[in-house]
Amino acid sequence: MTSRALRVIEFQTVEYVSGPLVFLEGVHGVQYDETVEIVAPGGEVRRGQVLEVDRSRAVIEVFAGTRGLDVAATRVRLGGDAARLGVGVGMLGRMFDGSGNAADGGPPILPEAFWEVAGLAMNPAAREHPAEFIETGVSAIDGLNTLVRGQKLPIFSGFGLPAAQLSAQVAARASVGGSDREGFVVVFAALGITHREASFFRRFIEDSGALGRTVMFLNLADDPTIERLLTPRVALTAAEFLAFEKGLHVLVILTDMTNYCEALREVSTAREEIPGRRGYPGYMYTDLASIYERAGRIRDHDGSITQLVILSMPDDDITHPIPDLTGYITEGQIVLSRELHRKGIDPPIDVLPSLSRLMNAGIGADKTRFDHRQVADQLYAFYAEGRDLRRLVAIIGEAALSEHDRRSLAFADDFERRFIHQGGAGRSLEETLELAWSLLDQFTTADLKRIHPETIAARRRGKDVPPPDQQADDDGS
Amino acid sequence: MSGAPGRLVRIAGPVVVATGLDEARLYNLVRVGRDRLIGEVIRLDGDEAVIQVYEETSGLQVGSAVEDTGAPLQVELGPGLLGQVFDGIQRPLPPLAVKNGEPFGEPFIRRGVQISALPRDRLWDFVPTVTVGDIVEPGTLLGTVKETATLEHRILVPSRMRGTVTRIQAGEAPVEQPVVWLDDRPLSMMRRWPVREPRPTAGRLDPDAPLITGQRVIDTLFPVALGGTTTIPGGFGTGKTVQEQSLARWAAADVIVYIGCGERGNELTDVLREFPELSDPRTGGPLMDRTILIANTSNMPVAAREASIYTGMTIAEYYRDQGYDVLLLADSTSRWAEALREVSGRLEEMPGEEGFPAYLPSRLAEFYERAGAVRCLGGGGREGSVTVVGAVSPPGADFSEPVTQYSMRLAGVFWALDTDLARRRHFPAIHWTRSFTLYDIGAWFDHNVAMDWEERRRWALELLHREEQLQSVVQLMGADVLAPSEQLVFLVGRMLREDFLQQSAFDDVDAFCSLEKQYEMLRIISLVYETTRRAVRDGVDPEAVMALAVLADVARMRDWPPDEAAERSRELETRIIEDVEAL
Ligand SMILES: Nc1ncnc2c1ncn2[C@@H]1O[C@H](COP(=O)(O)OP(=O)(O)OP(=O)(O)O)[C@@H](O)[C@H]1O
Ligand SMILES: [Mg+2]
């Protein structure tokens, strides 16, 4: 992170230090929200931001934490400007810390511009509606929860669930791009994750040959927690530059937003604000929106920002404020399930609570296939039914089931084992849909309520499969 | 500007405090700082004025100047509103994006930009309906303007004026040019109105007709009256926005005001892209021509989000006063309540339930109370209505939270969206036992659609209720315990749910279902119930009933072309009767 402005004013009037905050007394000329430098007694310089100004008092949040700061010797220099990031195409292939300083041993990049990291709200009237299909190679996503360019889609994960693998897989495949599609550049922001997780991601991308098309911003588990409030904004500023200034398609991966929210709570607590649900601040919705809404496309502009956001649900609880507020902002969610993971289903995506709200815009005859919607709806219907029946069977036993119910029950198992599970291998959309049809083949036209009879007829004719009614007759004779 | 400028003494996010604004009144608009950001005085406390700022406050300093404009937050009203997109304080959004002649050259919203809401240069052909010498009172129709191909914009005498028409200027004029003179005082086509003040009417009317929506679960089971209020609570992804957009598309209203209040940018793009292409089901004109969008998305300033609801409501009332049926859609009132909470939190007010300010219920009540069917000022038998549909986004989909609870008490209709239904893709996910309507408008349907409408509606609700009870029995003891007649309840309950209540908003044919078709579909399902029940009573095995091939056609009734519904249903009726008899 860089600040262009001359530093003119300095104060040595720290009144007290509390949590991540420094309270400054006897100040003047402080701008709300401006970036400042805090000079520790030893001379070390840290960055901070003005959270509130009240007459001659200012509250400053210190990104690197307040350890070692004191009242007597700590000095604060005003920067006179909002936090900015030097941006340029030179960022590609590079690694930065959570504030945007080069952290790979290389020289600082040559900035083409300095952009405010807080970003500005995109004018809704200038947005282009996202509608371009992205093939992720994952059936549960491509087939049932299709991702499109410019969408923001979180992965609701839980401790120990393979969200990192899933996102890395998607990033690797998306950066290559399909035959007639341009690939993505990837902006990866680590928010309080471990070294192991970060290097896993890096290696995966490296192996896929996309490292030169990747920008990494790392705030790791042992990095200052408050810096996490900055990291996603820094990453998105880089992404906006690459997307809307350079016309690139950018896939932004933010992981793990739960750590971000915890940092937000820490600052709120230190400010003694009235807490909202479970101690998180009442403005968390708005704060998260200022990050997630930075995904999108702009009319008459080439690039796009797609966000894949990972968050861990505390206690696997989807109603926890972090997944809850996220789900209220993002355009759907991919939910990982511990139960499926235990069964060995990989990726363990539970499609029932998962959703892509932009799916309809991204699929259909001219984009994926004309039968995509119908097939997806049908798979959902049967799977939901099968899952219900599982619960029922646990109580009353399988004997009481009708023929139809037994088939739905078997379908649910089949669907998980054959369709959802793919063990790391990628599938084309065509393969995904064909697999789906093969699961549906055992049902009669009348059973397939979500699919138009003509679609079924055409399909069964085309594949030279006799209509199932007739099959039944043959069996009977 | 009035009085000497004040000075900022405190800045905390969207809330700032100034001193020295001696003449400022509560709710006056002020201009803050060098960029002259727009703010509103929301509390006066001794020498201090607390101001909520409608734009980002970064860069403000203690000592920055604050000017009082001497007037409250007002909207501009007049021809040129339809088809437009505004932010929460009525700044038109498309012109904000223009830069160097490029329509989207400035896609991010900059601060301190001022653009008037109504286009000033556009000419409107004013056709007077009064003559010189006429004595007019508040609300009297002065003349009309064709605002769109299908909507006649009615220019009325402002609510505080009366007198004699002394001069008229017919023909083309921009909105600010005088067209009529009352006792030599010039009146243009444009009005201003403070958004927080309800516009006056000549009296309320009892709602007696439904707002027809083309959605089966709504029109048949839980209809809303014209001028009524509805609340749609639901967890994320349960279908609030799709429902509001379907209403914007299909509901039988003259004007739609759609308020995207703290929600997603892309959802508004959706409307902006599709509505100009779709046609108004009533007039055939472009759908955008009857629509006004207020877009204050989640990442736009929260104070303007708070105001957006009132901006939208005032515009809705303005068209109501012209004698139109207006539908106001607010997505989501929870985000508005959260904006209140955020501002209240910065003011360090005593929090009430879940941190919301203690005045939340009264603010909500004021909002819903602005809905209604009314007799308009100015006589001539003009009647208009504002119907309100407010989405609610309860945290964790838990309906016991304050916004859902207060809204439920205030609104006449409650469409409870159910997370479980949404997950199994039962859409609209309006739950049939948790939802309700308090409007007693069954008589309208009996009179206008079919005599036994209300009777069939009751039957459907009862059967669904009964099915739910049986479900819990089966969950405990298995399906074996069901008597044959109860198995039929299951069969028909499922039919009602899947073949009648489910309705895809994205299906070309089924997205809209006429009342006639709704009636025929329901009639067929109840016919299935009646005939098979008789058959089972006479000893037919319920399994055989369930295997009837004709039932597949019941599932496909939704695909009937609307104009063939009656004919198709007669044909299906015959087959059902025959096939059941053959058992
Ligand atoms: N009537 C419907 N027909 C078909 N699909 C629907 C319908 N209603 C909702 N859906 C599906 O559910 C998804 C979520 O709906 P929607 O965006 O309206 O939810 P929401 O309640 O507004 O969520 P949020 O509170 O997060 O904004 C849609 O993208 C669509 O896939
Ligand atoms: Mg919504």
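Predicted model: local features only at pLDDT ≥ 70, side-chain atom pairs only at ≥ 80, totals over all residues.

Guide: Helices (H or I, at least four residues) and strands (E, at least two) are DSSP runs, numbered from the N terminus. With that in hand, B:Y310 sits in helix α5 (residues 302–321) of chain B. Residues are numbered from 1 along each chain as its sequence is written, chains are lettered from A and ligands numbered from 1 in the order in which they are written, and side-chain values use heavy atoms, with hydrogens and water left out.

Visitor: Is B:Y310 buried or exposed?

Guide: Buried means under 20% relative accessible area, exposed over 50%, and partly exposed in between (1.4 Å probe, protein chains only). B:Y310 has a relative accessible area of 6%, so it counts as buried.

Visitor: And which residues is B:Y310 in contact with, leaving aside neighbours within four places in sequence?

Guide: Contact means heavy atoms within 4.5 Å. By that test B:Y310 meets B:V195, B:R196, B:W336, B:R363 and B:R370. As for spacing, B:V75 is 235 residues away from B:Y310 in sequence, yet their C-alpha atoms are 9.5 Å apart.

Visitor: Now strands. How do I read a pairing?

Guide: Strands of a sheet pair through backbone hydrogen bonds, either parallel or antiparallel. The working rule is that two strands pair if DSSP finds at least two bridges between them. Take strand β24 (residues 383–392) of chain B, where nine of the 10 residues are buried. Strand β19 (residues 229–233) runs parallel to β24(B) over five bridges, with B:P233 partnered by B:V392. Strand β22 (residues 325–331) is also parallel to β24(B), through six bridges, and B:V326 stands opposite B:V386 there. Strand β23 (residues 372–375) pairs with β24(B) in the antiparallel sense over four bridges; in that pairing B:G372 has B:V386 as its bridge partner.

Visitor: In what order do the strands of the four-stranded open sheet in chain B run?

Guide: The order is β10-β13-β15-β16, with antiparallel pairing. β10 (135–136) and β16 (185–187) stand at the edges with a single partner strand each, so one side of each lacks a neighbour in the sheet. Further in, three bridges link β13 (residues 163–168) to β15 (residues 180–182), and B:V165 is partnered by B:L182.

Visitor: Zooming out, how many helices and strands does chain B have?

Guide: There are 16 helices and 26 strands in chain B. The radius of gyration (over C-alpha atoms) is compared with a globule rule of 2.2 Å times the number of residues to the power 0.38. Chain B comes out at 27 Å, close to the 25 Å the rule gives for 583 residues, so it is as compact as a globular protein of that length. Buried residues account for 61% of the chain's 583.
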